[in-house]
Amino acid sequence: MTGRVFTKLFFSFVVVLFLGMAVLDFSLRQVMEQSLRAQAEESLVSEARLLAAHIGANTLPGDTSLQQIARLDATAAGISVAIYDAQGRLVAASGGETGIDPALQAAPLPPEVAAVLHQHQSQGHARRGDTFYAAVPAGPPSTPLVVRLAAESPTNIPAPVHVLRRGIVLASLLSLLLATLLAALLAQRAAKRLARIVVFANRIASGDLSARVEEGNLDEISAVAHALDVTASRLEQSFHALESSRSELTALLDSMQEAVIAINPQGQVSWCNAVMQRIALSPVQEGRALVHSIRDPEVLSSVAAALTRRQASRRRAISIAPGKVFEVNAAPMPGGGAVAVLHDVSEKERSETTRRDFVANVSHELRTPLTCITGYVETLLDDRSLNRQAREFLQIILKNASRMNRLTEDLLALASVESGDYKLRLQKVKASTLVEEAVGSLTGLVLDSGVTLEVGETTDEPVQADLDALSQVFGNLVENAMKYGKTGGRVRVGARRQDTMTEFFVQDFGPGIAYEHLPRIFERFYRVDKARSRESGGTGLGLAIAKHIVHAHGGDIRCESELGFGATFLFRLPCVAGAGPVSVPQVTTQTIEK
């Protein structure tokens, strides 16, 4: 590059200098030629005036003397002489020995002579071709004459002018040589300065951010160099800050209990923390495809969803490490690629399994003694010989035993829906049919409650549903609405289409639920009003059971409420294509008071 810059600058200087010298030589030549012509013209006018003075002092009678004067002066000066009288007639000319050429006498009066005779000018001059003409008045006032001289314009530059031009050319060549040497030095210096900037740029590109140009304050190139130095300094500071932040981030991620791995858009590992290296069965290497390090299908599908569909996903992986269960959260990164976080939930899974097994076992073990207690108490109550106080005691025992029995039944149901072995018998059914069957099966429950159960808006969109499981969901929601929204006097059940989902709702018009209770209302044993719940005989598990059943169907459930305006429980199920008549058997549901 240095050679190209030097060549361009050098030849640019030389061309400019050469053009300057050529223009100067041409201009001087033109000036000298014009000056010589002007001097020749002035000399011709001066000779004309001298001849006019000579004619006025030595005029002889007749035209013979004028003819001799014209011929002699023309011969002495090497020019053409013509003398005209006051009437514009040619009276003498230097061209003939004995007389005037008749052709000249017949020629029209020249304009320079007419300017002196008719316009009374002190002189007249003209140029026709390469000949210059000058005319001046002569002779006494009684017989005025006009003398006209003609001479050829100089076409060749005299020898002194050639010498002058040769000196100018030699001086120009010497100046051109010196200027060329100076241009070469300046071009070489500029090329070296640009070469230093190129070396600086290459060092920056290779990662050496400490490189500097270090130019003095000379010209615009120095300003560019200073700007590049400032840019490099700021870039170095930013890079060090970025490296520090990256080191802190790496230390932070390595100290996490979760495994973190980043994948580029090509599906290759770009980074992972120390936890990921520990739990992986094979070493996780940067630049390798993720499938070569992690073979778990749930992790791979989560990362694929984040890379291709740009969607966050959450999965459960069990084959990453032996005996370990991980919760996988994969999300796309803004600049492309994805990041996956693996949270070890093995202990939580074991605790949940232990708790479910404990609850199921305890509930199962309690069923037999509670059944016995209930049977014996009912037998005792059939004895008419009991006194009033004993009967009251037995009724209290029966009430609490029945409540314990309902609690064990709900605990067994909750343990069943929470277990991994819970299976649904799905079939395609219209949403309107589900609502009508639910209302029909719960009619007996509301007969003595004073609450009206009505069907709201419905839709014929088909859904995949387990009829028995959804009957339990509707039963729990309607029973909950009757207990806590009884003051409203009615409960409305319906369904409507929402995009790709069908939304079912159970609405009451009671006192409503405060906002702070809504996030926890589907938790186990959570009660908004504990005293009222105990009076109504509720176990606090109905909504939790409904939530697990809806989630098992691939849907979601929530509650919307405002104090004084009732509460609405809504759950959504995915729609399926191809609606058609579905034969739904009558569902016989034993509704248990909660």
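Modeller: The side chain of serine 346 makes a polar contact with the side chain of aspartate 344, at 2.6 Å. A polar contact is a pair of N or O atoms within 3.5 Å; within protein, one must be able to donate a hydrogen and the other to accept it, and residues adjacent in sequence count only if both atoms are side-chain atoms. This is a predicted model, where local features need pLDDT of at least 70 and side-chain atom pairs count only at pLDDT 80 or more, while totals for chains, interfaces and linings use all residues. Residues are numbered from 1 along each chain as its sequence is written, and side-chain values use heavy atoms, with hydrogens and water left out.

Colleague: Where is serine 346 found?

Modeller: In helix H9, residues 346-381. Helices (H or I, at least four residues) and strands (E, at least two) are DSSP runs, numbered from the N terminus.

Colleague: Is serine 346 buried or exposed?

Modeller: Buried, at 3% relative accessibility. Buried means under 20% relative accessible area, exposed over 50%, partly exposed in between (1.4 Å probe, protein chains only).

Colleague: Leaving aside neighbours within four places in sequence, what is serine 346 in contact with?

Modeller: Gly323, Lys324 and Val325. Contact means heavy atoms within 4.5 Å.

Colleague: On to H8. Which residues are buried there?

Modeller: Val299, Ser302, Val303, Ala305 and Ala306. Seen down the axis of H8, they fall within an arc of 155°, so they line one face of the helix. The arc is that of the directions from the helix axis to the C-beta atoms. On the other side, Pro297 and Thr308 are exposed.

Colleague: What do the buried residues of H8 pack against?

Modeller: Strand E6 (259-263), E8, strand E9 (326-332) and strand E10 (338-344).

Colleague: What caps the N-terminal end of H8?

Modeller: Aspartate 296, with a side-chain oxygen 2.9 Å from the backbone nitrogen of glutamate 298. After H8 comes arginine 310, with a positive phi near 55°. Arginine 310 is in the loop between H8 (297-308) and strand E8 (313-317), and is partly exposed at 38% relative accessible area.

Colleague: Now the open sheet. What is the strand order?

Modeller: E2-E1-E5-E4-E3, 5 strands with antiparallel pairing. Strand E2 (90-93) and strand E3 (124-128) are the edges, each pairing on one side only. Two strands pair if DSSP finds at least two bridges between them.

Colleague: How many bridges join E4 to E5?

Modeller: 8, between residues 131-138 of E4 and residues 145-152 of E5. Valine 136 stands opposite valine 147 in E5.
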